[in-house]
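Dear colleague,

I would be grateful if you could read the two side by side.

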Amino acid sequence: MKKRLPPLNWLRSFEAAARHLSFTHAAGELSLTQAAISQQVKGLESQLGAALFKRLPRGLELTDAGLAYLPAIHEAIQRLSVAT
């Protein structure tokens, strides 16, 4: 059975949050609310079946799964940007 790709918005939210290690800063960059970024990342984590971030009192930390996923997503978004 074919696996469904996550929505591009979820991937963009993850990538921005991972770069900034902050849902708030990612929200500012993407012109969304912090809650929207959080919900999109939760949706992505649910679809992948893995936590991508450790949510800390003062920010975020990438999990091993998040660290492994980030380079591929970052590159894919950059390639889409260049192609566009």
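Predicted model: local features only at pLDDT ≥ 70, side-chain atom pairs only at ≥ 80, totals over all residues.

A residue is called buried when its relative accessible area is under 20%. Thr 63 lies in the loop that joins strand 2 to helix 4. Leaving out residues up to four places away in sequence, Thr 63 touches Ala 51, Leu 52, Phe 53 and Lys 54.

Phe 53 also belongs to the largest nonpolar core, which has 18 residues. Phe 14, Ala 17, Ala 18, Phe 23, Ile 37, Phe 53 and Leu 62 have the most contacts inside this core. At least two core residues come from each of helix 1 (8-20), helix 2 (23-30), helix 3 (34-48), strand 2 (59-62) and helix 4 (64-83). Helix 1 contributes the most, with 5 residues. In soluble globular proteins, nonpolar side chains tend to be buried together.

Apart from neighbours within four places in sequence, Phe 23 is in contact with Ala 17, Gln 34, Ile 37, Ser 38, Val 41, Phe 53, Arg 55 and Leu 60.

Helix 4 has 20 residues and spans 30 Å from its first C-alpha to its last, close to the expected 28 Å. At Leu 70, helix 4 bends by about 30°, and Pro 71 follows within four residues. Gly 66, Leu 70 and Ile 73 are buried in helix 4; helix 1 and strand 2 are among the elements that cover the buried residues of this helix.

With kind regards

Definitions and conventions
Residues numbered from 1 in each chain as written. Heavy atoms only, no water. Core = buried A, V, L, I, M, F, W, Y, C linked by side-chain atoms within 4.5 Å. Buried < 20%, exposed > 50% of the residue type's maximum accessible area, 1.4 Å probe, protein only. Contact = heavy atoms within 4.5 Å. Expected span 1.5 Å × (residues − 1). Bend = angle between axes of the 7 residues up to and from the residue.
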